[in-house]
Amino acid sequence: MDILTLVGLVAGVAIVIIAMLANATVLTFLNLPGLAIVLGGTLAVTLVRFRMATVTSSVKLALKTAFTDRLDRPSDLIREVSELARVVRKDGILGLESHETDNDFLRKAINLCVDGHPPEMVEETLAQDIQQMSERYEVAERVFRGIGESAPAIGMLGTLVGLVQMLNTLDDPGSIGPAMAIALLTTLYGAFLAQLIALPLADKLQLKAEDERRNQVLIVTSIQNILRGQNPRVISEILSSFVSPDQRQSPEAGQEA
């Protein structure tokens with residue numbers, strides 16, 4: 001589980017709630033019509049911009065991505081593929097048949113190699129997987145950035161509606177203050193939805209997409225070199241560019257990275 005995402009989300013919501021409760025109650029900041037305008041309006045705009053299936057899959061991907069941290073570290077992958085290169089050098093490509101791995105992309109690459117497909121086909125198939133993965137993350141990121149753009153605008157629209165209603169009751173000075181507070185709440189709801197939920201999730205999707213693509217490119221590079229019969233030590237040197245410089249300062253780091 002990606003504990004930092006949960007901590008950040010809880011901390012952000014908690015800070016806002018504590019600030020709200022400093023001189024008021026929760027009911028002071030609760031306005032169901034304003035909340036309906038923001039949530040309903042944002043959902044409506046999102047459905048206009050994207051298909052329902054796209055929105056649903058994006059939400060599932062965002063929740064799965066934001067609260068899980070299952071990506072392998074590049075150093076672990078380099079160590080694993082270096083071992084694969086040693087196995088191939090000793091037992092041939094069929095020696096990989098008994099290798100077990102938790103990485104789905106690496107498992108697929110191994111199966112393609114063991115099945116005897118030409119290197120060109122293996123590379124093309126893996127490249128297609130990388131492209132499809134990148135597109136799924138990109139679409140999900142666009143959905144949440146769209147929500148982050150729409151929510152504040154819909155909140156402002158709700159505020160304008162509230163202000164018009166307030167101006168219609170200027171003959172009752174006692175109602176101006178409460179009416180203004182209610183009108184402003186829709187802007188608060190829109191900003192809350194955008195800044196604490198939608199945009200952070202969009203950034204998280206972008207980051208995870210970049211990390212997963214890096215790992216997959218690392219695997220493709222390693223498979224290419226293994227199929228060429230490259231020396232395992234040379235493969236480790238080639239793959240060292242995927243880790244930070246401080247992890248490849250010594251030969252031991254290159255083997256363990």
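Reader: Is R214 buried, exposed or partly exposed?
Author: This is a predicted model. In it, R214 is partly exposed, with a relative accessible area of 29%.

Reader: Which residue does R214 form a salt bridge with?
Author: The partner is D211, and the closest N and O atoms are 3.5 Å apart. D211 is also in helix α7, three residues from R214, so about one helical turn separates them. At 22% relative accessibility, D211 counts as partly exposed.

Reader: How many salt bridges does the structure hold?
Author: Nine. One of them joins the side chains of E141 and R145, at 2.9 Å from N to O. E141 is buried, because its relative accessible area of 17% is under the 20% cut-off.

Reader: And R145, buried or partly exposed?
Author: R145 counts as partly exposed, at 24% relative accessibility.

Reader: New topic. Which residues have the most contacts inside the largest nonpolar core?
Author: They are L84, L96, L126, I219 and L239, in a core of 27 residues. Helices α4, α5, α6, α7 and α8 each supply at least two residues of this core.

Reader: What does L84 touch?
Author: Leaving out residues up to four places away in sequence, L84 touches L96, H99, L106, I110 and I226.

Reader: Where does pLDDT stay under 50?
Author: Over residues 249-257. Where pLDDT is low, the predicted coordinates should not be read in detail. For the chain, the average pLDDT is 86, and 94% of the residues score at least 70.

How values were computed:
Residues numbered from 1 in each chain as written. Predicted model: local features only at pLDDT ≥ 70, side-chain atom pairs only at ≥ 80, totals over all residues. Heavy atoms only, no water. Core = buried A, V, L, I, M, F, W, Y, C linked by side-chain atoms within 4.5 Å. Buried < 20%, exposed > 50% of the residue type's maximum accessible area, 1.4 Å probe, protein only. Helix = DSSP H or I, 4+ residues; strand = E, 2+ residues; numbered from the N terminus. Contact = heavy atoms within 4.5 Å. pLDDT = per-residue confidence, 0-100. Salt bridge = Lys/Arg side-chain N within 4 Å of Asp/Glu carboxyl O.
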